[in-house]
Amino acid sequence: MGEKILMKGNEALAEGAIRAGCRFFSGYPITPQNEVPEYMSWRLPDEGGTFIQAESEVAAINMIYGAASTGMRCMTSSSSPGISLKQEGISYCAGADLPFFYANVVRGGPGLGNIAASQGDYHQSVRGGGHGDYRVLVLAPNSVDEMANFPKKCYELAFRYRMPSMILADGILGQMMEPVEFKFEPVDPKSFKEAGWELGLAAGRRKRIVRSYDLREGELEKINAARLKKYREIEEKEVLFEAKQCDDAELVVVAYGTSSRIAAAAVKMARDKGLKVGLFRPITLWPFPKKQLAKLAEKSRKFLVVEMSMGQFVDDVRLAVCGRIEVDLYARPAGIPSGEETFAAVEKSYKSMTPARAAAPAKTAKPKGKPGRPRKKPAKKAGRPAKKTRKGGRR
Amino acid sequence: MELVNKWPAGLVEMPLRYCPGCGHGIVHRIVGECLEELGIRERTVGVAPVGCSVFADDYFNCDMIQGPHGRGPAIATGIKRSKPECIVFSYQGDGDLASIGMAETIHSAARSENITVIFINNAIYGMTGGQMAPTTLIGQKASTCPRGRDPKVNGYPIRICELLQSLEGASYLERTSVHTAANAIKTKKAVKRAFQNQIECKGFSLVEVLSMCPTGWEATPLNSVKYIADKMMPLYPLGVYRSPEQREQKEGGAA
Amino acid sequence: MPEIKVNERLCKGCELCTSACPKQCIAMSDKFSTTGYYPAMLAKQECCIGCGLCAQICPDLAIEVYK
Ligand SMILES: Cc1ncc(C[n+]2csc(CCOP(=O)(O)OP(=O)(O)O)c2C)c(N)n1
Ligand code: SF4
C-alpha cells in the first residue's frame, strides 16, 4: 500500500483481484484480456490458489459456478464474444444467488469484430446479459489505478448482496500502462467466515442445495420478488459516480470508462474556450446514477452522451432524465474518438442548445410556442416539418 | 426377522418422482448406499444435471448443486479444486454428458480431474419427451427421428467409454447396466470403486450405466429390460475400459 | 421365515421385481394403491428366501427385505 507501481491494466486487474482475496481463476484466452489469465497462471499458485485454463468460456464460467458455491472468492475474465458464451452460467449464478467477480475487457463487435477497444457490450452488461430476470453489479473503471482497486469493491458488493459483480473495461484500459497504487491492505482469505450457504463439509448440519430453479407453483415469482427488493436496495445505497464542473455547467457531457477520459479532455478544451461544460461519469453502471442525473437535468440545459457504441449508454441517460432535458449523442460504434473530435461534438451540441430558460418559469403563463420552452411544444404543431421546428428553437 | 436393506443414509427419505421402471431410481439407491458405506456422505458434494435427474439435488442426502445442461464436470472441477477435501460427483444423462456437455466430459477426463462421474445412458432424451440422443441406436425410434435413427441422416451413436479410453487422463472407466438385479449389484461395485478412486486421488472416474427409459422408449418396463439385453448391450458392451492399475503399470513401465 | 414388505406408497407397479425374483413369489395386486398404481405384493410368502434381488432392481426403494 502506498507505493506507486507502473502496471498494465489487465495485470493490475488480476493483481487487484488477488489482493482482494481471489484464490480461484478459470478462463479461456481471448484478446485483449490475455494478460489476466497469464498473470493469474503464475501468480495464483504462489498464493496457494487455483488457476485453470478451461476448454472454453462455457466450461470456465461453470467452474466458477462450482467454485463460488463453496464460498471461494473466484474470478473469470474474458472479452466480448467470450462473455456472450458465459452468459448462461452468469444467469445460473444470479439465479442461485452466488457471489463472484468477472471482468469484460470489451472489444469491437458484433461477431468477431476487432480487438480494439469498444463499449459495445454496455447492454449485455447492465441488462443482466443472459436469460431471465436479473442484474449484475457493474463497475466501470477509467484508469489502470481503478482497474487495480475496483476488484476489492466488486467482491465486497458481490458478497454483501450474494450476486455476480463485474468490471466493464475495454481494450484500452486492459492494455495501457499507468502508475497504480493499491489503496488497501491485501485481504487474507483465511479471514472470511462462512455465511451459511456454502457447499462442502457438511458434518453436523443439514444438507445444503444450490440451485436456480423452483418448479413449484408461484415459488419462482416469490424468489424473484425477493431479489427485486434486494436490487432496489442496491439502487438506493450503492450508486457511485463522479461529477466534475457540473455546478455551473450548461452542457453536461455524460460518459463512462475510456470515453469519459476522452470526454474529460474535451471538457477541458471547452472550458478553456469559456464554454460552461461539465462532466458526469457513472462509476456504477448498474446501479445507474438515475437520481443524480435527474437532479442535474434540473439545473443544466443539455446533456451530451459520448460513447464508443451505437447509442446504448444513452438509453439509460434518457431514461434517467425522462424527457426533462435534451440529450444529444456522440456515438462512435467500435471507434475511438480523439479529444479534438469529441470537443467538436461538444461545441456543436453546446451551440445548438435552446436559449437559456426564461428567468421566470411562469407556471401560470400560457407556454405557447415561446422560444426557450422545451422542444416538446413546437414539435406538437402539426403540419410543420420537424427539422424546421428544431431550427426555430436554435440560437 | 430383521430388516436387511435399510433406506440408505445417502438418500433423503422421500418418494422418487421418476416414471415406473426408470433406471434412475436404481442408480440413485446405489449411489446413496455407496455414500453411506464409504463414510463420505458428509463431505460429498453432488452435481445434478439438466434432465430427468435434475431432482437429484433433492434426493441425494449430501450437499448438492444443480447446474446448466451438460456442465456437470466443469462445476465439479470448480468445487473439487476449491475444496479438495470434498468428494465430488457429477450425475448426468446421455444428452447432458455426450451431446451438449461433450467438451466438458472429454476435458475433465483429459485433465484427470479427481472427480466421479455417474453417466446414465438410456439412449434417449427423457425429460424433454423422447428426442434422439447421441447414444440412440440405429433404427431406434425417437420423437425427432420417428422413422428410426438413420445413419445417413442422423449419424451414428457415440460410445463414451470407448471414446474416453484413449485419454491418458481417464483413470477408471467402466460400463455396467441395471436391467437385472445381478447387473445392479455389479453397478454398485463399479460406483463404489469410482468413489474409492477419488478418495485415493487417482483421477477421473466414470461409470456408464445402461438404463431403462420405458417412457421414452414407449415400452413396458419389462420390455425395456429386454431391450437393454437384446439391443443395447451388443452395441455397448459391458466391462472395464480403463483402470488405475492399468495406468500405474504403464507409468511404471515407462519409468 | 424371510419375507418382503412392499411399501405401497412408493411402489409404482413397474413389475421389475416380479422378473427379478428367482422363486417367482411376487405378483401384482389387483387393487389400486393410494398413488394410483397396482403395487407388487408377496404372493407366496412361504417361498421367499430373502435373497433381496427384488430390492436390488426396485427403482423406487419400495421393497423391504426381512431375513
Ligand atoms: C441449454 C439447454 N438446452 C436444452 C435444454 C432442454 N433439455 C432439458 S433436459 C434435456 C435432455 C436431457 O436428456 P438426458 O441428458 O439424456 O437425460 P434424461 O432426461 O434422459 O435422464 C434437454 C435437451 C436445457 N434445459 N438447457
Ligand atoms: S422419462 Fe425416462 S428417464 Fe425420465 S423418469 Fe421417465 S423413464 Fe426415467
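Analyst: Ala, Val, Leu, Ile, Met, Phe, Trp, Tyr, Cys and Pro count as nonpolar, Asp, Glu, Lys and Arg as charged, and the others, Gly among them, as polar. This is a predicted model, where local features need pLDDT of at least 70, side-chain atom pairs count only at pLDDT 80 or more, and totals for chains, interfaces and linings use all residues. Residues are numbered from 1 along each chain as its sequence is written, chains are lettered from A and ligands numbered from 1 in written order, and side-chain values use heavy atoms, without hydrogens and water.

User: How many charged residues are in the shell around ligand 2?

Analyst: The residues around ligand 2 (a heavy atom within 4 Å) include B:Cys19, B:His24 and B:Thr215. By class, six are nonpolar and four are polar. The count of charged residues is none: no charged residues.

User: How much area do chain B and chain A bury between them?

Analyst: In contact (heavy atoms within 4.5 Å) are 35 residues of chain B and 36 of chain A. Buried area is the accessible area (1.4 Å probe) lost on joining, summed over both parts. Carbon and sulfur atoms carry 58% of it, and the total is about 2,700 Å².

User: How many salt bridges are there between chain B and chain A?

Analyst: A salt bridge puts a side-chain nitrogen of Lys or Arg within 4 Å of a carboxyl oxygen of Asp or Glu. B:Asp57 and A:Arg211 meet in one, at 3.0 Å, N to O. Between chain B and chain A the count is five.

Key
Buried area = accessible area lost by both parts, 1.4 Å probe.
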